[in-house]
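Below is a short briefing on one protein chain.

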Amino acid sequence: GRPPLPMQASQLIGVAAPAPYGRGEATIVDPAVRRCWQIGPERVRLGGRHWEKTLAAIVALGHDLLITVGVYALFGFEITPASMIGFLTILGYSLYDTVVVFDKVRENTAPGVSGDLLDNINLAVNQTLVRSINTSIVATLPIASILFIGALLLGAGTLRDISLALFIGTIVGTWSSIFVAAPVYAWLRQGDTIAPEAVKPR
């Protein structure tokens, strides 16, 4: 048969299932596995502690799609396959910008950081505000150029459709990552406090 593995699974994971499954907290014994997972023994549980960020990001994406489609409906623009490609692209851009904001939030609310949780979330938004706006401007200018050239000079319908969706969505996505995702996350974390450094994941 096959040679025995150098370490059995039972040696790597002390208790494999969290409390809801009738077991205690899962514990990663082997330090190499723990480093790969980038979590400590006390943090192995279903869902982690970041479901609030996930929900806030989903709300922001829904906001982006609703506003962009609403602008199309308001002005009677036709939704074409090129427009659908633009919608999907702006969702990716918005999610990227939201991740940037949330990364600063994670840094400012890490275990052991001083200050109030909600104040530190607000500080993170202020620290990323200029960067998000500058990124939006840099992304919007070439899109506006494509929209102008495609719609007015060349009369290319495909260029017009995709660039119009990108133009609207880039602006809305920047707005939502700052003024929708972060406030929703702060609202979901009301009453929470920053954890002491003693429980910081290793």
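The points that follow are grouped by topic.

This is a predicted model. The protein chain has a mean pLDDT of 77, with 73% of its residues at 70 or more.

**Confidence**
- Helix α3 (residues 51-75) has the highest confidence, at a mean of 92, whereas helix α1 (residues 9-12) has the lowest, at 45.
- The pLDDT falls below 50 over residues 7-26, a stretch that has 32 contacts in the model beyond near neighbours in sequence.
- Residues 36-48 also stay under 50 in pLDDT, and the model gives them 27 contacts beyond four places in sequence.

**Nonpolar cores**
- The largest nonpolar core holds 19 residues, of which Phe102, Val105, Ile121 and Tyr185 touch the most other members.
- Two or more residues of this core come from each of α3, α4 (81-108), α5 (117-153) and α6 (157-188).
- Helix α6 supplies the largest share of this core, with eight residues.
- Another core lies apart from it and has ten residues, including Leu147, Leu164, Ile168 and Val172.
- Beyond four places in sequence, Phe102 is in contact with Lys53, Ala56, Ala57, Ala181, Ala182 and Tyr185.

**Helix α3**
- From first to last C-alpha, the 25 residues of α3 reach 37 Å, close to the 36 Å expected at 1.5 Å a residue.
- The buried residues in α3 are Glu52, Lys53, Ala56, Ala57, Ala60, Asp64, Thr68 and Tyr72.
- These buried residues of α3 pack against α4 and α6.

Conventions:
Residues are numbered from 1 along each chain as its sequence is written. This is a predicted model: local features need pLDDT of at least 70, side-chain atom pairs count only at pLDDT 80 or more; totals for chains, interfaces and linings use all residues. Side-chain values use heavy atoms; hydrogens and water are left out. pLDDT is the predictor's confidence in each residue, from 0 to 100. Helices (H or I, at least four residues) and strands (E, at least two) are DSSP runs, numbered from the N terminus. Contact means heavy atoms within 4.5 Å. A nonpolar core is a set of buried Ala, Val, Leu, Ile, Met, Phe, Trp, Tyr and Cys residues joined through side-chain atoms within 4.5 Å. Buried means under 20% relative accessible area, exposed over 50%, partly exposed in between (1.4 Å probe, protein chains only). The expected span of a helix is 1.5 Å times one less than its number of residues.
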